[in-house]
Amino acid sequence: MTEAYIHAALRTPRGKARPDGALAGLTPPGLVAALVEALAGRGHDPRGRAERLVLGCVGQVGAQGGHLAMVSKFHAGLPDNVATQTLNNFCASGLSAIGAGAAAIVAGQARWVLAGGVEMMSRVPFMADKADYYTATDLPPRQRYIQVALAADLLATTEGISRAELDACALASQQRAAAAESQPALLASRIAVNGLTREETVRPPLDAARLAALEPAFAALAEPYAEALEGAALDFRHTVAHAPPMADGAGLALLGPRDGAIARIVAVAEAGGDPRASLTAGFAAMDQVLAR
């Protein structure tokens, strides 16, 4: 059976998603084009061999609308015959794009594929597509949309995850993010874009006391989703320190045959789950991929 391999994987730094962010003056196709150029500079030019470009993107409106993968193909100078696909699987979109690219190789539909994701929240804010689903009432309550921050507070409440545990996890994550800036192995896949050479979204050092002093941040979101929550008693525990930053960034992997590869894609799995506990579907997918 044909197998899919990774030959190179690069990403931009993450810029702050605000008007003065280091990447905010660029465009989503521009970020993708910068990654293609960087791949070429490292001896992995996809412009003469990639047959497909698969991009994950959540906010497919405005600067990210109009079939973003196709538009990015034009900006990156990829040949006209390169097939393109833009997909949305919310926060897993980039990984889903990699999986789709690998599947195309395994199925014999392509030999070389570029796959990854891009999101510029400075240009396309969270929920900017204004989907009917976000406010729909024609579905049973458990299937209605709940903002991810509320889903996190619901999960913490039902699973008994304490505020202290959340703070400890956030502190470890932020410390690791800061420490990564001095680890060459972790920086090898990152390129400089528009003069940005470091992660702009890494928060200033926070200690346990400062984390504990922060107020829960998302209680005000609950009222519009009261019917969807069906009276669930939420203990609001998440603060801004527990939440990922709004960011601009992109990443691409070049997938292809075995010769010259740096890694083999052993298995891919995706899974759905309880829509009210949307953050748990990733665990089901991990179980599946490990079993495979």
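Keep in mind that the model is predicted.

**Stop 1**

Along the chain, 131 residues separate aspartate 274 from glutamine 143.

**Stop 2: helix α9**

Move on to phenylalanine 283. This residue lies in helix α9. Is phenylalanine 283 buried or exposed? With 52% relative accessibility, phenylalanine 283 counts as exposed. The cut-off for exposed is over 50%. Draw a distance from phenylalanine 283 to alanine 219. The two residues are 64 residues apart along the chain, and their C-alpha atoms are separated by 26 Å.

**Stop 3: the whole chain**

Zoom out and colour by secondary structure. The protein chain comes to nine helices and seven strands. Its radius of gyration is 20 Å, close to the 19 Å that the globule rule gives for 292 residues, so the chain is as compact as a globular protein of that length. Along the principal axes, the C-alpha atoms fill a box of roughly 55 × 45 × 40 Å.

Next, colour by burial. Of the 292 residues, 39% count as buried. Then show the charged side chains. There are 25 positive and 28 negative charges, and the mean positions of the two sets are 7 Å apart.

**Stop 4: the largest nonpolar core**

Hide the surface. Select Leu31, Leu53, Leu55, Leu78, Leu114, Val118 and Leu252. These residues have the most contacts inside the largest nonpolar core, which has 29 residues. Now highlight β1 (5-11), α1 (28-41), β3 (52-56), α2 (68-76), β5 (113-120) and β6 (247-256). Each of these elements supplies at least two residues of this core. Which element gives the largest share of this core? The answer is α1, with seven residues.

Centre the view on leucine 53. Leaving aside residues up to four places away in sequence, leucine 53 touches Ala69, Ser72, Lys73, Leu78, Val82, Ala83, Thr84, Gln85, Leu114 and Leu252.

A second, separate core has twelve residues. Pick it up by selecting Val54, Ala97, Ile105 and Ile265, which are among its members.

**Stop 5**

Select aspartate 80. Its place is in the loop between α2 and β4 (83-87). The relative accessibility of aspartate 80 is 70%, so this residue counts as exposed.

**Stop 6: two positive phi values**

Go to lysine 130, in the loop between β5 and α4 (148-159). Check its backbone: phi of lysine 130 is near 50°, a positive value in a residue other than glycine. Lysine 130 has 68% relative accessibility and therefore counts as exposed.

Then jump to asparagine 194. Its place is in the loop between α6 (184-187) and α7 (208-213). Phi of asparagine 194 is near 55°, again a positive value in a residue other than glycine.

**Stop 7: helix α4**

Finish on alanine 152, which lies in helix α4. Is alanine 152 buried or exposed? At 15% relative accessibility, alanine 152 counts as buried. The cut-off for buried is under 20%. Show what surrounds this residue. With residues up to four places away in sequence not counted, alanine 152 touches His238 and Leu279. Alanine 152 and leucine 68 are 84 residues apart along the chain, with their C-alpha atoms separated by 30 Å.

Technical notes. Residues numbered from 1 in each chain as written. Predicted model: local features only at pLDDT ≥ 70, side-chain atom pairs only at ≥ 80, totals over all residues. Heavy atoms only, no water. Core = buried A, V, L, I, M, F, W, Y, C linked by side-chain atoms within 4.5 Å. Buried < 20%, exposed > 50% of the residue type's maximum accessible area, 1.4 Å probe, protein only. Helix = DSSP H or I, 4+ residues; strand = E, 2+ residues; numbered from the N terminus. Contact = heavy atoms within 4.5 Å. Rg over C-alpha atoms; globule rule 2.2 N^0.38 Å. Lys, Arg positive; Asp, Glu negative; His and termini not counted. Charge placed at Lys NZ, Arg CZ, Asp CG, Glu CD.
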